[in-house]
Amino acid sequence: MKIGFYPGCSLESSSKEYSTSLFAVAEKCGVTLEEIKDWSCCGASAAHSLSHDLSIALPARTLALAENQGMTEIVIPCAACYGRLAASQQAIINDEKVHQRIEGYIDLKFAGSIKLLTIFEFLQKYIFPVADQYIVNKLNQKTACYYGCLLARPKDLTKLKHPESPMEMEVVMEKAGATPVDWAFKTECCGAGFSMSRTDIVAKLSGKILEDAADRGADSIIVACPMCHSNLDLRRPEIKKQIKRDIDIPVLFITQALGLSMGIPAKDLGLDKHFVPTGNTVSCIVKKEA
Amino acid sequence: MARIGVFICHCGENISATVDVEKVAREAEKLSGVGYAMDYKYMCSDPGQTKIIEAIKEHNLTGIVVGSCSPRMHEATFRKVAEKAGINPYLCEIANIREQVSWVHPKSDATTQKAIDIVRTLVQKVKRDSALFPIKVPVTKTALVVGGGIAGIQAALDIANAGHQVILVEKSPSIGGHMSQLSETFPTLDCSQCILTPRMVEVAQHPNITLHTYAEVESVSGFVGNFDVKVRLKARSVDLSKCTGCGTCWEKCPNKKIPDEFNAGLSFRTAIYTPFPQAVPNKPVIDREHCTWFLKGKCGLCAKNCPTGAINYDTQDEFIDLKVGAIVAATGFDIKHTDFFPEYGYGQFKDVIDGLQFERLASASGPTGGEIRRPSDGEIPEKIVFLACSGSRDKAKGIEYCSKICCMYTAKHAMLYKHKHHEGNAYIFYMDIRSAGKNYDEFVRRAVEEDDVHYIRGRVSRIYEKNGKLIVKGVDTLMNAEPIEIEADMVVLATAVVANQDAESVAQKMHISYDKHHFFAEAHPKLRPVETNTAGIMLAGACQTAKDIPDTVSQASAAASKVIGLFSADEMTREPVIAVVNRMMPPQFTTCTGCLLCMEVCPYHAIEREEIKDRRTGEILKVAAKVNAGLCQGCGTCVAFCRNKSIDLQGFSNQQMLSEVMALLNKPF
Amino acid sequence: MSEFEPKIVAFVCNWCTYAGADLAGTSRTKYASNVRIVRFPCTGRIDFMLLMKAFENGADGVIVSGCHPNDCHYTSGNFHARRRWIVFRSLLDFIGFDTDRITFSWVSAAEGNKWASLVNEVTDKMKAKGPFTDLDKLDCSKLKQLHDETITE
């Protein structure tokens, strides 16, 4: 079974481990992911703050390429990329004039009807049906599932069942043998793109998230967004300084956590690429009882 | 032979400035069937009207056309003139040559020609008008009031005091409605039950009111003045004639864990119960859905202990048939209870409650004896945060409207809390303050100035629990959009006012319209706010839309006055512009084939199935449609539907409309 | 050559469009004088054969206008009118009638300006189309054929 794959910029570089772990899990479950050839940037926040048409055209190019390469479904793990591609698709489908104008810009003809899968939809549809036979470990720890902003908004595009209090990640973590904690900062902002320009804001906002997770007894935080990961992981020193607390809870991508439960070695999941050491998470793992 | 009189009005200069009115009159005189034509400065004035009357008498006119302003202005005026002159008022038609000609076109030949065309058209119409006579329908002078809250109570008392019989049907075991749950009412802070219970007793004791509680309307048929209503009297399991209300049964009842509806779920009640101590009637019912006897066949303690033997487990629902002339729908409202605010923890955190629950806490007869205490641990809260607009005015939550009462009751709640606990802190997050009634804004000012309630303009994005406190994250938009975090002990949400769960089915039973929120629809939002589109059914109270007690009482009295007006004559007079199925001599009787398609499309259910029988043998000769003159409103949808034109609309008949079209295009007909 | 002035017949309901036209009058909004209104209690009353009669006898364009959906004074008459129009339009199309000559619209009692614009718009459109002379060009043989095919089953 071959599914199209759009990494976006982050999964190529700063969050390479998200991509690595996703491929590892997919391979284990017999799912082949095919990267879209010649894909380009989704535009992120830069495009839509400059030009409405640009913000539609950039992702549309990727949609057109995927369609013309014969793909019917593509999974987009990065929350921001997914949001941009979905928004672009919606704009094109709703207005034929927009559709034609965009086709003019990108110089490619396409219907715009390719099915876009969020990471959760992908896991539900392709991994869950076969996961049980591959899950050999229990993560055996308390996890705080962190959705951040773009996984839950806008609610028409992200299609979470309960956008104010989602449970999609918790379901995955339970399958992986972890105990999700009920906590208050599931969908609160981490500071997003202020990582470089106003690191102090990121430190404050991400600090609150970290503190609540720690206060509720979480052993790890699970994310599905490269931005969230970066702010909670890479910026840990700044956060610690801001909140004046030494919280060393590691931050894992959902695919990494799932991969660990499937017995995939930590190195193959890119766990060595994190700034906050993930050793504790790995050591908690126990074999699942038969 | 028709002799039509045509009267063209100058309307001062309004018509004559752009239309050559003399020419219009001259051209009209040439038309076949016109016996007289004239023009005059002000047709509707006294001298103008006199001229018409004189002309009718002098020239033996059989019908008149007045070329003037819109029929919506003066059709009734000129019809009365015709009647005074001795011809049937429905033989008078108005040619609109002002609003639709002289005022919208410049002075020109084309404009005058248009006026001529329109007059010609109406002459053809009036030649085919038939004399119509007002229709009389008998009226049963008994009213049905559905719903025993303050709206129903007020309407019932007003109608009963006017000397008519009233039947009041209430679905819960006692009348009183939501007003009986309130602690104090704004803006006076009157004790709610103190002002309500005397009315409740008055209803129970009034000689003209028959009260049925624990009863629901099962079906409604018939028409204005003549409704047939079936009411289901639910099985109370208690014989009202034997029960003395002593209370032994509910003291003995071992099943004490049923969430108490009256206390908004904050406490429990027994399976045999009265909703509250001042209930009218003050006699219990058994909640069969939770009673051990009915679920498992065990217990029976209440029956064993009843000193008068009033308890009978074998009673069944009873049905009664009522004949009433008018119905007042006063079924009230509900507030949104569900956990539709997960970001506020409503339904998840015990100390996040809604407005009705706060009322019960504040009420002296409530679960905490009137002390404001946290449902979680019974402690007195030091900080309460009130959220106005929880769900209302919010498209994302599906409720775009304003619930009207919340700004006032939130201020009231904050004040009550402060009165009971002076050291406490009350915060209200609001969007706007809607306090438009009499003494309302002064009331809110009191909360701010005298009771030190802190108003913060902004919304709350999230509430979560930490270390036993509720962390409320909001924003203060008047302080430069400063984010605010309050560690509250209790949060009160002013949740949206919504229609009752069963509002849709109640409306359908009564054949009244309702909107997408299931609030009942008034006949006209501005000019007919207490009637529905169904003749004979009135609206009172919050079943129509969210409203406070003064407006509810006003509307209830207004609805009562409509009913009393309806009952003021033994017979009702109706406008005769109605549909009629043709009738002729036997053996044909009618061209109607009895397909009854018209019956299906009539919005007023005014068409019935009629069996035409042989007078001697009773054998059914033909099935045809028949229009109920009392119900038909004259829309004519049935006429357009009829395949073979057996049904026609008087005043807008097929012949008339065809003649108008032909006359417009100046073709003979 | 004098400019062609189309004859337009408007079939309107008393409660909404007629009142809207009155409002245009009280507001003194000027519009083309080619239209003549025939007043009905409700658009539900309008027998669409009357529209055909109008064309047969010299009308160049027709307007049918009533209350907005959900606002019908008689609750549902305008829904029936709309459904009737949809079926009728297909039928007219089938026999080759230019359905653009009939304009179906909703004008409320508060929309005086909309009425004026509507009349002007339709007048201009009919002026561009020219007089209606296609009555004899309508292909009713197709109807007969359809009828025969259906009946033989």
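**View 1. Strands S6 and S7 of chain A run side by side.** In chain A, strand S6 (residues 142-145) runs parallel to S7(A) and is joined to it by two bridges, and within this pairing A:Thr143 stands opposite A:Pro180. Strands here are DSSP runs (E, at least two residues), numbered from the N terminus, and two strands pair if DSSP finds at least two bridges between them. The model is a predicted one, in which local features need pLDDT of at least 70 and side-chain atom pairs count only at pLDDT 80 or more, while totals for chains, interfaces and linings use all residues. Residues are numbered from 1 along each chain as its sequence is written, chains are lettered from A and ligands numbered from 1 in the order in which they are written, and side-chain values use heavy atoms, with hydrogens and water left out.

**View 2. The open sheet of chain A.** Four strands with parallel pairing form an open sheet in the order S7-S6-S8-S9 (chain A). Because strand S7 (179-180) and strand S9 (251-253) of chain A stand at the edges and each have a single partner strand, one side of each is left without a neighbour in the sheet.

**View 3. The interface of chain B and chain A.** Ten residues from chain B and 13 residues from chain A take part in the contact, where contact means heavy atoms within 4.5 Å. The area buried between the two chains is about 870 Å², with 37% given by carbon and sulfur atoms; buried area is the accessible area (1.4 Å probe) that two parts lose on being put together, summed over both. In chain B, the residues that lose the most area to chain A are B:Arg462, B:Tyr464 and B:Lys466, together 51% of what that side buries.

**View 4. Salt bridges between chain B and chain A.** Six salt bridges are found across this interface, each being a side-chain nitrogen of Lys or Arg within 4 Å of a carboxyl oxygen of Asp or Glu. In one of them, the side chains of B:Lys473 and A:Glu188 meet at 3.2 Å, N to O. Strand S24 (residues 460-466) of chain B gives the largest share of the side that touches chain A, namely four residues.

**View 5. Domain 2 and domain 5 of chain B.** By an automatic or database domain assignment, chain B includes domain 2 (142-234 + 317-332 + 500-566) and domain 5 (579-650). Their contact takes six residues from each of the two domains, and their centres, taken over C-alpha atoms, are separated by 35 Å. About 430 Å² is buried between domain 2 and domain 5 of chain B, of which carbon and sulfur atoms give 65%, and zero salt bridges are found across their interface.
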